[in-house]
Amino acid sequence: MDEEDAEKTAFITQLGVYCYKMMPFGEDITEEYDGWKMFFDGAVNFKGVGIGVILVSEMGQHYPVSAKLRSPCTNNMAEYEACILGLNMAVDMNIQELLVISDSDLHVHQVQGEWAAKNSKIFPYLHHVHKLRKRITNINSDICPEFKTSLSMHWPPYHP
């Protein structure tokens, strides 16, 4: 990313304009990346269910999206909804190299097949994630537990 453009990294939400040189969870957007990265999270609280995704290009350009879900679900289901939203974006953008970053050990280990999903309501989500992952040539997953709190505190549209 050109130095001149670094200050221009912004996005507009219903709550205002948000500009970042460094993402709230410590991701320095002035660095270049070997491949695309996808950060995602889901949240369930008394206000409802919200999901958020940020795709970050090799050059550090951010593509954020958030949504409020109308269907009641568990936190784990919200995590999968967010992941599916992000993977759909990646497939639509024809991204072929992607690092998927989640704050959820459970989600990452279930997707990688290291832990079994015990809740039968998760099976369709897991199947859909596997189906989408097959459409991306080089995809890896990582866990970054510290970004959840920071993302939810600094990115208001993430709140349900």
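Tutor: We begin with a definition: rings of Phe, Tyr and Trp (its six-membered ring) pair if their centres lie within 6.5 Å. Keep in mind that the model is predicted.

Student: How many aromatic pairs does a search of the whole structure find?

Tutor: The rule is applied to the whole structure, and the search finds two aromatic pairs. One of them joins Tyr80 and Tyr125, with 6.1 Å centre to centre. Planes under 30 degrees apart count as stacked and over 60 as edge-to-face. The planes of Tyr80 and Tyr125 are 35° apart, and the pair is tilted.

Student: Which helices hold Tyr80 and Tyr125?

Tutor: The two residues are 45 residues apart in sequence, so their pair ties together separate parts of the chain. Tyr80 and Tyr125 are both buried. Tyr80 lies in helix H2 (residues 75-92), and Tyr125 lies in helix H4 (residues 123-133).

Student: How many helices and strands does the protein chain have?

Tutor: From the N terminus on, the order of elements is α-β-β-β-β-β-α-β-α-α-β-α. The secondary structure comes to five helices and seven strands.

Student: Is S4 enclosed or open, and why?

Tutor: Gly48, Gly50, Gly52, Ile54 and Val56 point one way from S4, while Val49, Ile51, Val53 and Leu55 point the other way. The residues on both sides are buried. Because nine of the nine residues of S4 are buried, the strand is largely enclosed by the rest of the structure.

Student: Which strands pair with S4?

Tutor: Strand S3 runs antiparallel to S4 and is joined to it by nine bridges; Lys37 stands opposite Val56 there. In the S4 pairing with S5 (residues 62-69), also antiparallel, there are eight bridges, and Val53 stands opposite Val65. The two hairpins have two residues between S3 and S4 and five between S4 and S5.

Student: What is phi of Asn94, and where is the place of Asn94?

Tutor: Most residues other than glycine have a negative phi. Asn94 has a positive value and is placed in the loop between H2 and S6. Its relative accessible area is 58%, so Asn94 counts as exposed. Phi of Asn94 is near 60°.

Student: To what number does the count of disulfides come?

Tutor: A disulfide needs a pair of cysteine sulfur atoms within 2.5 Å. Cys73 counts as buried at 14% relative accessibility, and Cys83 counts as buried at 2%. By the distance rule, the count of disulfides comes to zero.

Conventions. Residues numbered from 1 in each chain as written. Predicted model: local features only at pLDDT ≥ 70, side-chain atom pairs only at ≥ 80, totals over all residues. Heavy atoms only, no water. Buried < 20%, exposed > 50% of the residue type's maximum accessible area, 1.4 Å probe, protein only. Helix = DSSP H or I, 4+ residues; strand = E, 2+ residues; numbered from the N terminus. Pairing = 2+ DSSP bridges.
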